[in-house]
Amino acid sequence: QVQLVESGGGLVQAGGSLRLSCVASGTIFGINTMNWLRQVPGKQRDLVALISRDGFIDYAEDVKGRFTVSRDNAKNTMYLQMDSLKPEDTAVYYCNADIEDWSRRIHDVWGQGTQVTVSS
């Protein structure tokens, strides 16, 4: 079994920073692309950033220049450094990844989510 656990959310004032972490655990053979998504009540879950196993990165337009995604493959961990936060960044942030287990089966895995609240 494989799982993802996010941490690092919280309450911050506009203009502040937070760093989210997403740790994968279990019988992991390899992790392909890892994604950060966010969701506000009543809206769909939107992609914020992604990073492939070999380092390809992409961001949603509204976070470019403010958010930085990275990963440490040795630690099976992905990070999201969020700077210059705005009230509209308030959401539940989810980690998602395709994880290959020791049986070489690929699982679409989601974390439980972490709340980020930016006050004005």
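Colleague: Is Ser84 buried, partly exposed or exposed?

Modeller: Please note that this is a predicted model. Buried means under 20% relative accessible area and exposed means over 50%, with partly exposed in between. Ser84 has a relative accessible area of 41%, so this residue is partly exposed.

Colleague: Where does Ser84 lie?

Modeller: Ser84 is found in the loop between strand 8 and strand 9, the latter covering residues 91–101. The backbone of Ser84 has a positive phi of about 50°, although the residue is not a glycine.

Colleague: What phi does Asn76 have, and where does Asn76 lie?

Modeller: Asn76 has a positive phi of about 50° and is not a glycine. The loop that holds Asn76 runs between strand 7 (67–72) and strand 8 (77–82). Because its relative accessibility is 24%, Asn76 counts as partly exposed.

Colleague: How should I read a disulfide, and how many are there here?

Modeller: A disulfide is a covalent bond between the sulfur atoms of two cysteines. In this model the count comes to one disulfide. Cys22 and Cys95 form it, with their sulfur atoms 1.8 Å apart. The pair links distant parts of the chain, 73 residues apart: Cys22 belongs to strand 3 (residues 18–26) and Cys95 to strand 9.

Colleague: Why is the disulfide of Cys22 and Cys95 described as left-handed?

Modeller: The torsion about the S-S bond of Cys22 and Cys95 is about -65°, and therefore the disulfide is left-handed.

Colleague: Are Cys22 and Cys95 buried or exposed?

Modeller: Both Cys22 and Cys95 are buried.

Definitions and conventions:
Residues numbered from 1 in each chain as written. Predicted model: local features only at pLDDT ≥ 70, side-chain atom pairs only at ≥ 80, totals over all residues. Heavy atoms only, no water. Helix = DSSP H or I, 4+ residues; strand = E, 2+ residues; numbered from the N terminus. Buried < 20%, exposed > 50% of the residue type's maximum accessible area, 1.4 Å probe, protein only. Disulfide = S-S within 2.5 Å.
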